[in-house]
Amino acid sequence: MHTSAWQAVQEEIAATRPLHLRELFAQDPRRADKMTVRAAGWTLDYSKHRVTPTLLQRLVALAEAADLRRWTEAMFTGEAINRTEQRAVLHTALRNPPDQPVQVDGQDVMPEVHAVLDKMAVFADQVRKGEWRGQTGKNIRYVVNIGIGGSDLGPAMACEALRPYSKRALKLLFVSNIDGTHLAEVLRQVKPAQTLFIVASKTFTTQETMTNARSARAWLVASLGEAAVARHFVAVSTSTAEVDKFGIDTANMFGFWDWVGGRYSLPSAIGLPVMLAIGPKHFRRMLAGYHAMDVHFRTTPYERNVPVLLALLGILYHNGYGAESLAVLPYDQYLARLPAYLQQLDMESNGKAVDRQGQAVVGTTGPIVWGEAGTNGQHSFYQLIHQGTHLIPCDFIGFCHSQNPLGDHHDKLMANFFAQTEALAFGKTAEQCRAEGVPESLVPYRTFEGNRPTSSLLADELTPTTFGALMAMYEQKVFTQGIIWDVFSFDQWGVQLGKQLADKILPELTSPEAPVGQHDASTNALIRRYRKSRGRDV
């Protein structure tokens, strides 16, 4: 970010900072038309942002100065842009048509990608049609996905988002937390003879996933016997040896590749629970939505490029105005898990303090992502967004049609969507309060500054296609910001240290003899307190 292009952006920020959105709209009656763009079934209105045409041009120049076009092509064509791990970054190939080759190390990966999708489709149809039966011959009624991180957040969020398209006779449940409570509560909802477990772990060694999987296995075997494992467990993994050791028939193993990052893996075999829920046809429609947004991102000029515009606006506030967070506010209950999913996508990707040259980054990277489905959030944290001291840009996401057209519910929902963006942009002046007869003593409390930036993302309906496009939109936005911040977005070394220390501490908690304190005073004291409560130090 230490470039002349960023300096030009900062100069324009300084020149436009005094302007209020009220003035910007008054100066140009066609502002909303000029600042509305469309892609893959989505409309983005970014007119309620603190941008002028000149500032937008300078932000676009910033993306060009970062060589975004070259990095985009490098990603799409299989170059190893994840350089700390020497891997390609090809989640885009997961939704690429089979007749468009993508090369990795001189080999077209598309035949293998679609072979896995076809295998998933056959299996999903068997389960959904009742042709795949459990050990006792009963149909599968419950599917329990055991994973964590990208192997959980994406599928869990997508199954909820696309519930209207799901086979309601199948109940999809998800276990991720190593806390035994999570698995125990899920197992209370299912019956062994009718439950299929999906164990999703690339290496089949992830501590949380395999601990839960072994406990689920013991639960099943206690009821149905050892032979039942082959009919009630399938794997999403790359490790044939570990899958076989667990007792899962490797014919029921669905593979993926080291060029698929966990938080980008929903369109891969990690999406198997989604395909089981909505069926292969709708799953492929979801992939088509992803691909449509990928094409838009790759080919559209930045001035009309939805993911790039979202990325540039985010950088404007994060680096230009010092905003530390981004609120994602879906006005659709089916997207209630979207903020949690985007937390991993964004914060694990760009939560980096070292640039691609191994030096400390200049400035800050990676906003804190949070949010809640509307209108629940309005009765929770919107007060802070409207009248608090923090500047919090917001993404509002909504649909013109509801999957559940119940009375006037949807009209009221969307009235709140539009009203919130208007209130945040324009606020209410002291003069307006006085004109309404507000007592002078209350005017300061009833005044809204406004000038709070929002993006409005609107589609006709939440379908597999628009859902896929929305996912790709945020993926490419995060990619764009990583390139401009000059960080590697596709590794996550920062999560490893805690895991390594946990492996060291675990035997100290469970050993029959008191361990020699090897940690800081606080950690040693906590270990002693825990052991004493568990009766391990008498």
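**Salt bridges**

I began with E79, which makes a salt bridge to R83, with 3.3 Å between the closest N and O atoms. (A salt bridge here is a side-chain nitrogen of Lys or Arg within 4 Å of a carboxyl oxygen of Asp or Glu.) E79 is partly exposed at 34% relative accessibility, and R83 is partly exposed at 37%. (Buried means under 20% relative accessible area, exposed over 50%, partly exposed in between, with a 1.4 Å probe and protein chains only.)

A note on the source: this is a predicted model, where local features need pLDDT of at least 70, side-chain atom pairs count only at pLDDT 80 or more, and totals for chains, interfaces and linings use all residues. Residues are numbered from 1 along each chain as its sequence is written, and side-chain values use heavy atoms, with hydrogens and water left out.

I then looked up K352 and D491, whose side chains form a salt bridge at 2.9 Å, N to O. K352 sits in the loop between α14 (338–350) and β11, D491 in the loop between α19 (464–485) and α20 (496–510), and the two are 139 residues apart. (Helices are DSSP runs of H or I, at least four residues, and strands runs of E, at least two, numbered from the N terminus.) Buried or exposed, K352 and D491? K352 is buried at 15%, and D491 is buried at 4%. I count 23 salt bridges in the structure.

**Rings**

There are 20 aromatic pairs. (Rings of Phe, Tyr and Trp, the last by its six-membered ring, pair if their centres lie within 6.5 Å; planes under 30 degrees apart are stacked, over 60 edge-to-face, the rest tilted.) I picked F25 and F426: their centres are 5.1 Å apart and the planes at 70°, so this pair is edge-to-face. F25 lies in α2 (residues 21–27) and F426 in α16 (residues 409–426), so the pair ties together parts 401 residues apart in sequence.

**The sheet**

I traced an open six-stranded sheet in the order β1-β2-β13-β12-β10-β11, with mixed pairing. (Strands pair if DSSP finds at least two bridges between them.) Its edge strands, β1 (36–39) and β11 (368–371), each pair on one side only. β10 (residues 325–330) runs parallel to β11, joined by four bridges. Which residue of β11 is the bridge partner of A327? I found W370 there. W370 also belongs to a cluster of linked ring pairs, whose members include Y331 and F381.
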